[in-house]
Every structure is written in C-alpha cells, then in structure tokens.
Amino acid sequence: MSARPSATMPTFKVNASTAIDALIAYDKNNWRMALNVMILADARYVAACYNYSSCFYAEGRKAIAKLT
C-alpha cells in the first residue's frame, strides 16, 4: 500500500496493483495479424484516487484484433 497526499485530507492509502498486457502478432508477405489484450487477469483495481470520495476503477479486460 502507498500513501498519497490529498488536498482535502492529510493522506489516504490505495492498494498496489499490477496490470498485465499481452500482444501476439504474425507477419507474412505484406500482411500483419495482431491481437492485443489489455488487463489479462481482468482484476478489478483502483486506477486513480484523488481523495476519499474521488476514486476510480480501471477499465476491465479489452482485446483488439487488427489485420493490416
């Protein structure tokens, strides 16, 4: 846990978290196929906290596939 200063309160604590992303891609000739997955574990965690009443959760898992 880490303490963060706040404008309205002396300090508050937010649990530490780790986000894991992954990218896999395949290139052939002039084509590229890629899959990017953000937040592999899909864990719910606080991404930002500005004071006791202004904390925000991070986005959940998101996957993007591209063919270029």
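This is a predicted model: local features need pLDDT of at least 70, side-chain atom pairs count only at pLDDT 80 or more; totals for chains, interfaces and linings use all residues.
Me: OK, sheet first. Which strands form the open sheet, and in what order?
Reply: Three strands, in the order β3-β4-β7, with antiparallel pairing. The edge strands are β3 and β7, each pairing on one side only. From one strand to the next, the twist averages 5°.

Me: How are strands, pairing and angles defined here?
Reply: Strands are DSSP runs of E with at least two residues, numbered from the N terminus. Two strands pair if DSSP finds at least two bridges between them. For angles, axes are lines fitted to C-alpha atoms, and the values run from 0 to 180 degrees between N-to-C directions.

Me: How many bridges join β3 to β4?
Reply: Seven, between β3 (residues 22-28) and β4 (residues 31-38). Those two strands form a hairpin with two residues between them, and N29 in the turn has a positive phi of about 55°.

Me: And how many join β4 to β7?
Reply: Six, and those strands run antiparallel. L35 stands opposite A65 in β7, and I24 stands opposite L35 in β4.

Me: What's the bridge partner of D27 in β4?
Reply: R32. R32 also forms a salt bridge with D27, the closest N and O atoms being 3.2 Å apart. A salt bridge here is a side-chain nitrogen of Lys or Arg within 4 Å of a carboxyl oxygen of Asp or Glu.

Me: How many salt bridges turn up in the whole structure?
Reply: Two. In one of them K62 pairs with E59, with the closest N and O atoms 3.7 Å apart.

Me: Is E59 buried or exposed?
Reply: E59 has a relative accessible area of 54%, so it's exposed. K62 is partly exposed at 38%, and R32 is partly exposed too, at 34%. The cut-offs are under 20% for buried, over 50% for exposed and partly exposed in between, with a 1.4 Å probe and protein chains only.

Me: Switching topic: which residues make the nonpolar surface patch?
Reply: Y26, W31, M33 and L67, for about 510 Å². Patch residues have over 30% relative accessible area and no salt bridge; nonpolar side chains (Val, Leu, Ile, Met, Phe, Trp, Tyr) are joined within 5 Å, like charges within 9 Å. The areas come from Shrake-Rupley with a 1.4 Å probe, and for residues only the protein chains shown count as cover.

Me: Where does L67 lie?
Reply: In strand β7, residues 62-67. M33 stands opposite L67, and L67 counts as exposed because its relative accessibility is 59%.

Me: Last one: which residues form a disulfide?
Reply: C49 and C55, with sulfur atoms 1.6 Å apart. The cut-off is a pair of cysteine sulfur atoms within 2.5 Å, and the search of the whole structure finds one disulfide. The torsion about the S-S bond of C49 and C55 is about 45°, so the disulfide is right-handed. C55 counts as partly exposed, at 35% relative accessibility.

Terms used. Residues are numbered from 1 along each chain as its sequence is written. Side-chain values use heavy atoms; hydrogens and water are left out. Helices (H or I, at least four residues) and strands (E, at least two) are DSSP runs, numbered from the N terminus.
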